[in-house]
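Please read these points with the model open beside you. They are meant for someone meeting it for the first time.

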Amino acid sequence: MSVLTIPGPLPDAARPDVGAALFSTWSLGTPERQRAAVEAIAATWDSRPWPAPELLSYTVYAGTDGDTLMHHSQWADEAAYHVFFRTRRQERNDAIDSAVPDIKRLGLSSYQRYRSFSAPAAQVDGADPGLFVVAETDFDDADPRLRRNWVDLVVEALEREPDPGLLSADFHLIVDGERHLSTDRARVLSYARWTGAEAYETAMAAEGPRAGSSAWGRVRAFPGLVGSASRRYHFRRSFVPASKSAPEFTNSPAGTAE
């Protein structure tokens, strides 16, 4: 495997070799600092060797709020991330901070994918994601069976009544094990790809297609459900390890307008 990175494609959230999916958020304050941070990340990662063979991909998204960046990295296992954290992470962050000082790092959590939904082929064919929505849904019980049952209901509702414009959704649970990057174990993270903001807003509207649905009524009334918060993003840059078999991906950001 080459030590260089190449501009990568959107990550496959359902790839079977991912043992830990890490999501973190930075606050930059302004759109100008947000753009500068993306440029600093690209310069830092492009100029350094790929940090670990267990890192499968690393993707950066810019929040539509003009403030946040979301980082999504796919690892073969969480232990490999902890090695990276101890040996290589700070040097890279220092390089980024020297270009864009005073970045607020809001938190990092490690998840494993539980289930995925893909829209019917006719709906997905030729459609590119113009908007990414990441939602964190909290429960008042840490029993993972509760969250799996809730995700099952959501996937059932999506399969019965697919939202126009929703291309896919992947549902993640906090990693089980002795070491956790997050102490909050009563949360589901969903990573959804939409064709654009209009389709998403229509689906979420109070008078939208979900409002009168019995399937979505069961989702909303699920016992133990506390609440949910979401953020919207546009893709900015993805990094993957270069290899002789890797295709030549373009480096044009996707979904630059809502």
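1. Keep the source in mind. This is a predicted model.

2. Start with Gln34. It sits in helix H1, which spans residues 31-46. Is Gln34 buried or exposed? Its relative accessibility is 7%, and buried means under 20%, so Gln34 counts as buried. Look at its surroundings next. Beyond its neighbours within four places in sequence, Gln34 is in contact with Leu28, and also with Ala62, Gly63, Asp65, Gly66, Asp67, Thr68 and Leu69.

3. Move to strand E7, residues 166-174. This strand is mostly covered, with nine of its nine residues buried.

4. Which strands pair with E7? One is E5, residues 104-118, which runs antiparallel to E7 over seven bridges. Here Ser168 of E7 stands opposite Ser118. Another is E8, residues 187-194, also antiparallel to E7 over seven bridges. On that side, Leu173 has Val188 in E8 as its bridge partner.

5. Now follow helix H2, residues 78-99. Where is H2 kinked? The kink is centred on Arg88 and is about 55°.

6. Finally, check which parts of H2 are covered. Its buried residues are Glu78, Ala80, Tyr81, His82, Phe84, Arg92, Asn93 and Ile96. Their cover includes strands E2 (20-27), E4 (68-75) and E5, along with helix H1.

How values were computed
Residues numbered from 1 in each chain as written. Predicted model: local features only at pLDDT ≥ 70, side-chain atom pairs only at ≥ 80, totals over all residues. Heavy atoms only, no water. Helix = DSSP H or I, 4+ residues; strand = E, 2+ residues; numbered from the N terminus. Buried < 20%, exposed > 50% of the residue type's maximum accessible area, 1.4 Å probe, protein only. Contact = heavy atoms within 4.5 Å. Pairing = 2+ DSSP bridges. Bend = angle between axes of the 7 residues up to and from the residue.
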